[in-house]
Amino acid sequence: ILFFPLNIYALSDTAKSTIAMDMDSGRILYQKNADEQRLIASITKIMTAVIAIENGNLDEEVTVGEEVLTMYGSNIYIELGEKMTLKNLLYGLMLRSGNDAAIVIAYHIGGTEEKFVEMMNAKAKEIGMKNTIYRNSHGLDESTKNYSTARDMAILSSYANKLDVYKEISGTKKWTVQTDKKSYVWNNRNKLLYSYEYATGGKTGYTPSAGRTLV
């Protein structure tokens with residue numbers, strides 16, 4: 001799933017579903033299978049970030065609970081009992097695609113992941129994402145699966161980029177964190193930030209079932 005918030009004059013498109021949308025006007029510049037539902041992998045985390053930014057205190061210190069022990073795949077490797085601010089968890093979520101950060105954020109904001117997922121789906125409906133269903137906060141799809149479309153992800157990214165904190169975090173190339181247990185240095189996994197001068201942010205994703213996804 002591809003979404004570029006800029007003018008495109010030529011596009012070599014090998015994705016199964018694609019959309020290019022001007023996120024200021026909403027004008028569609030290009031689309032292919034834009035309304036086909038697909039697994040979305042870690043671009044799920046865009047909505048996770050939106051819910052956290054709109055419902056949490058970014059300076060609040062979050063204590064990592066036992067929910068973190070269930071996570072696998074791409075992680076920032078936070079530890080049980082470790083304390084980290086919500087804002088720093090969001091940097092770990094977006095720059096390193098931390099599944100552990102996602103589940104900790106979900107429990108902190110929603111009390112349970114199920115409640116947090118309800119908030120995700122309510123926000124999707126509110127902003128006009130008509131073909132999206134969230135079942136988890138991270139995008140792993142072996143037990144629960146998140147589905148969306150290229151068009152819906154364009155709508156979401158347009159909405160998210162109106163939030164200054166989201167735009168700041170998703171466009172950050174490098175972030176350092178010190179907690180009560182250890183220090184972290186995170187480099188953004190979105191290679192477009194380094195290779196394409198007009199890139200301002202976004203999110204990558206991958207699972208074997210979803211393939212590679214990109215906003």
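In the largest nonpolar core, which has 50 residues, M47, I78, L90, I105, Y134 and L156 touch the most other members. A nonpolar core is a set of buried Ala, Val, Leu, Ile, Met, Phe, Trp, Tyr and Cys residues joined through side-chain atoms within 4.5 Å; buried is under 20% relative accessible area, exposed over 50%, and partly exposed in between (1.4 Å probe, protein chains only).

Helices (H or I, at least four residues) and strands (E, at least two) are DSSP runs, numbered from the N terminus. Another core, of six residues, lies apart from the largest one and includes I19, A34, A150 and A154.

The model is predicted: local features need pLDDT of at least 70, side-chain atom pairs count only at pLDDT 80 or more, and totals for chains, interfaces and linings use all residues. Residues are numbered from 1 along each chain as its sequence is written, and side-chain values use heavy atoms, with hydrogens and water left out.

Strand β1 (residues 18-21) is covered on both faces, with T18 and A20 buried on one side and I19 and M21 on the other. β1 pairs with β2 (residues 28-32) in the antiparallel sense over four bridges, where pairing requires at least two DSSP bridges between the strands. K32 in β2 is the bridge partner of T18. Six residues separate the strands of this hairpin, in which G26 has a positive phi near 80 degrees.
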